[in-house]
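Me: Got the file open. Can you walk me through it? Let's start with the strands.

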Amino acid sequence: MEGAVQNDIPGIDADCGGGMACATCHVYVKEDWFNKIPKKEDGEDDMLDMAFEPKTNSRLSCQIIVSDDIDGLEVNIPSKQA
Amino acid sequence: MNKTDALIIGAGPTGLFTAHQLKLIGLDCEIVDNLDKIGGQCIELYPDKPIYDIPAVPECTGEELTINLLNQLKPFDIKFHLSERVEEVKKEDNNWLVKTNGGHTFLTPNVIIAGGVGSFEPRKFSPKECEKFENKSLFYSVKDKSVFKGKTVSIFGGGDSALDWAIELSKESHVNLIHRRDEFRGAQATVDKMYELKKGGKINLFTKYQMANVHGEQTLETIDLKHDNNEIKNLKTDYVLGFFGLIMQLGPIANWGLNLNKKTIEVDTEKFETNQKGIYAVGDICNYPGKLKLILSGFHEGALAARACFKLARPNEKYRFEFTTTSKNLLKRLGKKE
């Protein structure tokens, strides 16, 4: 999420600034990556309930911490955030 | 019609402190907010989250910050208009005529937009077809529950609002409860109660389903639900209720002729005035070179906008800068003895 916001990548609104409080940094993680990135913590699924068109591979990008382990990660963004 | 020296849109921390600054320099003000409570994002999004970068306050939660700001406003009489959204802002001679959806009209030389990321609105269903039935047979809140009596109501969502209404309406209606996953985020007692009613056949539960489409000519007839495995299920229903929480939307502000940059309003850094004379923007919603979206920046911006308001509200008086530590005027307004 921070990477997107700070590099003006459109489609990641992140209204709450990364606080897992608004569900406007919603992304779909490519299937083969979904199980490789750190699992959802408490509360993320609750926020995803409110996201626009959530799917089984939905995540909030503010909760995906970038590290060398996820180099090459691919995500798609929903048609809109709200 | 309410006449006031300045109208503040938004009762978040920036709006509250701006009100303090206006009252301190002797101007009247009123505040409108679309939420039903004071505090803005601090109350709606993170009441329990600690904030660490308010000057001289090492740590406080969003709720504590709001309470402290309200305490700071205690010496002053300020009218709040909650659960109201400003719909229209029109020029009338040297004033702005401001209308809310609650039927209030304000006449004021100064409008200060302290709107954060916009007003909180209910999140809606994604299929476009849903708009056709909105406020007729598809709702995002319940105003009069008697219309559902004896009817079939399909309720979407997994939080307390969805569960509470499913339980309440199951007494006199046929209730379908639809949620995108198996877990519910409502209070445990409420979730238990819902499962009990499901067992007794009072609530039809559909999990891992989401709204796919709505059908009907004049009135709503059926809805399509889509399962995680893409299976489609068609349900007969008279009414649909969606409870997906709130989202921040810029809303009508976009139509007031202001210079917008994405979801923010361009201002100068002397008065925090927009391209319209007498309309200011402060806090997260304003934008200028170097803008930081910090609460402390909102306080500074509000203080300067308040001084700019003085010129338009009291054109024949000269504003004099004073300190609260020494000014008899200010101490009197604060209700302190000299």
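Reply: One definition to begin: two strands pair if DSSP finds at least two bridges between them. This is a predicted model. In it, β7(B) and β8 (residues 95-100) of chain B pair in the antiparallel sense over six bridges.

Me: Which residue in β8(B) is the bridge partner of Val86(B)?
Reply: Thr100(B).

Me: What sheet are β7 and β8 of chain B in?
Reply: An open one of four strands, in the order β1-β9-β8-β7. The pairing is mixed.

Me: And which are the edge strands?
Reply: β1 (2-3) and β7 (86-92) of chain B. Each pairs on one side only.

Me: Next, the hairpin. How do β16 and β17 of chain B pair?
Reply: Antiparallel, with six bridges between β16 (209-215) and β17 (222-227). Met211(B) has Leu225(B) as its bridge partner. Six residues lie between the strands, and Gly216(B) takes a positive phi near 150°.

Me: New topic. Where is Ile285(B)?
Reply: In the loop between β23 (279-281) and β24 (286-287) of chain B.

Me: Buried or exposed?
Reply: Ile285(B) is buried, because 25 other C-beta atoms lie within 10 Å, and the cut-off for buried is 20 or more.

Me: What does Ile285(B) touch, leaving out residues up to four places away in sequence?
Reply: Ile113(B), Gly115(B), Gly116(B), Thr264(B) and Ile265(B).

Me: How far is Ile285(B) from Leu16(B)?
Reply: 15 Å, C-alpha to C-alpha, and 269 residues in sequence.

Me: Last one, the interface. How many residues are in contact?
Reply: 14 of chain A with 17 of chain B. The chain A side has seven nonpolar, two polar and five charged residues.

Conventions: Residues numbered from 1 in each chain as written. Chains lettered and ligands numbered in written order. Predicted model: local features only at pLDDT ≥ 70, side-chain atom pairs only at ≥ 80, totals over all residues. Contact = placed C-beta atoms within 7 Å. Nonpolar A, V, L, I, M, F, W, Y, C, P; charged D, E, K, R; others polar. Helix = DSSP H or I, 4+ residues; strand = E, 2+ residues; numbered from the N terminus. Buried ≥ 20, exposed ≤ 12 C-beta atoms within 10 Å, placed from the backbone.
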